[in-house]
Amino acid sequence: MNYLLDKIKEYVNYLLYNVKNVFSLNLNEIIESEYKKAFEILDKLGIIEYIKREYKIDYKIPELEISKDNPKFFGEYSKSENKITISKKSIKRKINNELKSLGYKEIKDLKYLNISYNSIFLYPFYINDKNIRKSIVEAFIILTMFHEIWHSIDYSILNRLEEDPNIKDRDYLLIILNSFDNPELRASAFEVVMYYYYLVNNLYKDKKGYITPYPNILACRNYIEKIDILEKNEYMKRTVPYDLGFCYANIIVAAYKSSLEKNIYRIIDNIIYLDKEIAVKVIKHYRDNLDKLLYG
Ligand SMILES: [Zn+2]
């Protein structure tokens, strides 16, 4: 056997496989499968049943629409139609940019995906080396899916609060849910918590995933210092709720680690009560007690 020849053959096959797969990705199929997967995970944890029971909401699973050419968003939830729309055009553009600029980097076997607005925070994900593009697309779509699903949950809670004056903490929750910044903050927090759960418990069953919030928490520590300046800038101000939700969730994941699943209902309750003020308080608390979080 010629070892070198074998290696070359192996490499050529690998390249061919990659090239073929870059062009043959079926986005519709991936979007549909991530939509199903997201609800399967929520089902498995009983999250929707829990919220239905505790907050007495009448929740109907949103329909999925795949849009060919809407360039304005990756995903959007329509309240009036109870529909999640995913835009293929935006996703394609995003993934291509991500690959072009190599917006992912590697730390301790885990690849990080750089998809936040201001590019200072990183989302961990595992790359299937045979098809990098597919791995990125899947990670990105399931994140978007969890985010939009939370918007639909928030909307069901808001509906219920408006109808029923006897719900616990109604006035407080109504203020939170009607405030402009909070919906994106909450959806981002949920997206990140669920994504970590999915990554570590469902996809790779690798507890190493729980170390990945730490570099983000360090970035969040600096971010929170700059928040007043960011909020003075009209453009940057828009992204602050997303980033705060992201930072809050990374702290939650780091604090619970492998007991995330066991405490998931408590975490969900906290997200239901989450507003900007609480998120900032939690982030500042851990900024000052970082050692406890990292080594406690
Ligand atoms: Zn959103």
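Predicted model: local features only at pLDDT ≥ 70, side-chain atom pairs only at ≥ 80, totals over all residues.
User: At what angle do the axes of α8 and α10 cross?

Analyst: An axis is a line fitted to C-alpha atoms, for helices over the stretch in contact, and angles run from 0 to 180 degrees between N-to-C directions. The axes of α8 (residues 213-223) and α10 (residues 234-256) cross at roughly 135° and come within 9 Å. That angle makes α8 oblique to α10, since under 35 degrees is roughly parallel, over 145 roughly antiparallel, 65 to 115 roughly perpendicular and the rest oblique.

User: Which residues of α8 and α10 meet?

Analyst: Contact requires C-beta atoms, placed from the backbone, to lie within 7 Å. On the α8 side, Pro-213, Tyr-214, Asn-216, Ile-217, Cys-220 and Tyr-223 meet Asp-243, Cys-247, Asn-250, Ile-251, Val-253 and Ala-254 of α10. By class, the contact of α8 with α10 has nine nonpolar residues, two polar and one charged. (Ala, Val, Leu, Ile, Met, Phe, Trp, Tyr, Cys and Pro count as nonpolar, Asp, Glu, Lys and Arg as charged, and the others, Gly among them, as polar.)

User: And how do α2 and α5 cross?

Analyst: Helix α2 (residues 27-45) and helix α5 (residues 132-163) have axes that come within 9 Å and cross at roughly 50°. That makes α2 oblique to α5. The crossing of α2 past α5 is right-handed. From α2, the contact takes in Ile-30, Ile-31, Glu-34, Tyr-35, Lys-37 and Ala-38, and among its α5 residues are Val-137, Glu-138, Ile-141 and Phe-146. Ten nonpolar and three charged residues make up the contact of α2 with α5, with no polar ones.

User: Is Trp-150 buried or exposed?

Analyst: A residue is buried if 20 or more other C-beta atoms (placed from the backbone) lie within 10 Å of its own, exposed if 12 or fewer, and partly exposed in between. Trp-150 is buried because 23 other C-beta atoms lie within 10 Å. Trp-150 sits in helix α5. Beyond its neighbours within four places in sequence, Trp-150 contacts Arg-186, Ala-187, Phe-190 and Glu-191.

User: What is the order of strands in the open sheet?

Analyst: Strands of a sheet pair through backbone hydrogen bonds, either parallel or antiparallel. For a pair, DSSP must find at least two bridges between the strands. This open sheet of three strands runs β1-β3-β2, with mixed pairing. Its edge strands, each pairing on one side only, are β1 (63-67) and β2 (75-78). From one strand to the next, the twist averages 20°. β2 and β3 (residues 83-87) run antiparallel, joined by four bridges. Glu-76 has Thr-85 of β3 as its bridge partner.

Note on methods. Residues numbered from 1 in each chain as written. Helix = DSSP H or I, 4+ residues; strand = E, 2+ residues; numbered from the N terminus. Left-handed = near helix turned anticlockwise from the far one by under 90°. Contact = placed C-beta atoms within 7 Å.
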